[in-house]
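Here is the note you asked for on this model, written for someone who will read it beside the sequence and the coordinates. It goes point by point, from the chain as a whole to single residues.

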Amino acid sequence: MGCGPGDAEGRRGCVSGEETKRPDTRLVEGGRRKEWTQGIVSPAVWRASTILFDTVEEMRAAYPPRDGRLEYGRNGTPGQWALAEALNELEPGAAGTRLFPSGVAAVSVALMAVLRPGDELLMVDSAYGPTRAFCEGLLKRYGVTTRYYDPLVGEAITELFTERTRAVFMESPGSLTFEVQDVPAICAAAKEGGILALLDNTWATPLLFPALAAGIDLSVLSCTKYIGGHSDVMMGSVTTTAEHWPGLVAAARGLGQHVSPDDAFLALRGLRTLGVRLKRHEENTLRVARWLKEQPQVAKLLHPAFAECPGHEVWARDFKGSSSLFSIVLRGGDDADRARFVEGLRHFGMGYSFGGFESLALPVDPARIRSVRKPEEQGPMVRLHIGLEDPEDLIADLAAGLAAYGVPA
Ligand SMILES: *Cc1c(COP(=O)(O)O)cnc(C)c1O
């Protein structure tokens, strides 16, 4: 399910982000078509596998499936169509958005949609761990080889292109270490070489970085994070141009990708408040990060809005703001010291994911999975997600945690 360009009979497809509405208005109004929702502001959950037809003619008319036409559960009901359209409206230049049951499913199917056996994929070294695992596992078996590249490569990416290179995958900022990539330069180089550009835009969302406008062909989100925003739903999405939409749809249908109507309800409900949540996440995060930067136990702050983060200038040039996720490198200390720090926190939970209303602190060890650019940092790293609590309470908590860590004196 997903909203795409109008079908062969010229029926209207989903609305792309081209009109003059501003992003906060799109967040509120996206996908609220009366013919889908009957005017209900938050569309009801329509659970369906079988949908009955009265006549053979009606049954035949439902094919091929498209949004707005009930056919079979796998092709969605109004809630999923509305969510896909609302996400699509956030991305200027988008022709269609397809939903997936997780961010990992969205990454995997986007790659399957564009790669063929014999192709080579250029994958950023700072990619999300399970993205690498997919490349080394199923994608390899499918006959695609993956080469990893330095996230700070910029336009020199052209030197890595061979006649087998079919696509370059970016994630900016990178997972765990937050290197900001020069996405426009890499997209321009890729276009020049006839190579496709994909981006995992989970950290920024289209609100902070409109990916297709920067030259990206397929943009992936883990909607589990900021879109859902309440740590209670798994979801992914891929948004793409008219050129790549049919290939994406074919891959998603072929692999039977479907999201539950209940999960679509939760994700759409989260999406409506994404704008205000992201603004508050940013304010709280900058407040906490500025305080952390002054602490003797903190050797380095890996947050794109701070000068010491690799690629900071590119972030300042290209992004409309920053979100809630960054890492700190602790001075001195070992694994046990770090464990004392995170286990002692009262307001920060220890768990995977981010983008929910609640703060998280997670020990991370990125060096283990890198192959090109090992992080320079020597001390133990902790990744923080700053939630919507009062930042003064979070700072007091971190102060106590750092006192327990204690190392530099
Ligand atoms: C979490 C995450 C994913 C995977 O999303 P799931 O919904 O957990 O499958 C992909 N990319 C990035 C950058 C992520 O942070």
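The numbered points below concern a predicted model.

1. Overall dimensions. The chain has 409 residues, and its radius of gyration of 22 Å agrees with the value near 22 Å that a compact globule of that length would have. The secondary structure of the chain comprises 14 helices and 12 strands.

2. Of the 409 residues in the chain, 57% are buried. Among contacts with a separation of 6 or more, 73% are made by residues 24 or more positions apart. The chain exposes about 17000 Å², and carbon and sulfur atoms supply 53% of that area.

3. Strand β8 and its cover. How many of the five residues of strand β8 are buried? The strand, which covers residues 236-240, has five of its five residues buried, so it is largely enclosed by the rest of the structure. In a regular strand the side chains alternate between the two faces of the sheet. Both faces of β8 are covered, with Gly236, Val238 and Thr240 buried on one side and Ser237 and Thr239 buried on the other.

4. The neighbours of β8. Strand β2, residues 96-100, runs antiparallel to β8 and is joined to it by five bridges, and within this pairing Gly96 has Thr240 as its bridge partner. Strand β7, residues 218-222, also pairs with β8 in the antiparallel sense over five bridges, and here Leu218 stands opposite Thr240.

5. Strand β3 (residues 120-124) and strand β4 (residues 145-149) pair in the parallel sense over five bridges, with Leu122 of the pair standing opposite Arg147 in β4. Between the two strands the chain passes through helix α6, residues 129-141, and this β-α-β crossover is right-handed.

6. Cysteines. A disulfide is a covalent bond between the sulfur atoms of two cysteines. The structure holds zero disulfides, and for Cys187 the nearest cysteine sulfur, that of Cys135, is 18 Å away, whereas a disulfide is a pair of cysteine sulfur atoms within 2.5 Å. Cys187 counts as buried because its relative accessibility is 3%, under the 20% cut-off. Cys223 is likewise buried, with a relative accessible area of 1%.

7. Cis peptide bonds. Another joins Ser172 and Pro173, with omega about -5°, and Pro173 is placed in the loop between β5 (165-171) and α7 (183-192). A reader checking the backbone may wish to look at both sites in the model.

8. Positive phi at Phe178. The loop between β5 and α7 also holds Phe178, a residue other than glycine whose phi is positive, near 65°. Is Phe178 buried or exposed? With a relative accessible area of 1%, Phe178 is buried.

9. Positive phi at Thr205. Thr205 is another residue other than glycine with a positive phi, in this case near 60°, and its place is in helix α8, residues 205-208. Thr205 counts as buried, because its relative accessibility is 1% and the cut-off is under 20%.

10. Gly247 and Ala110 are 137 residues apart in sequence, while their C-alpha atoms are 9.1 Å apart in space.

Key
Residues numbered from 1 in each chain as written. Predicted model: local features only at pLDDT ≥ 70, side-chain atom pairs only at ≥ 80, totals over all residues. Heavy atoms only, no water. Buried < 20%, exposed > 50% of the residue type's maximum accessible area, 1.4 Å probe, protein only. Pairing = 2+ DSSP bridges. Helix = DSSP H or I, 4+ residues; strand = E, 2+ residues; numbered from the N terminus. Right-handed = clockwise from strand over helix to strand, strands pointing away. Rg over C-alpha atoms; globule rule 2.2 N^0.38 Å. Contact = heavy atoms within 4.5 Å. Areas by Shrake-Rupley, 256 points an atom, 1.4 Å probe, with all protein chains shown as cover.
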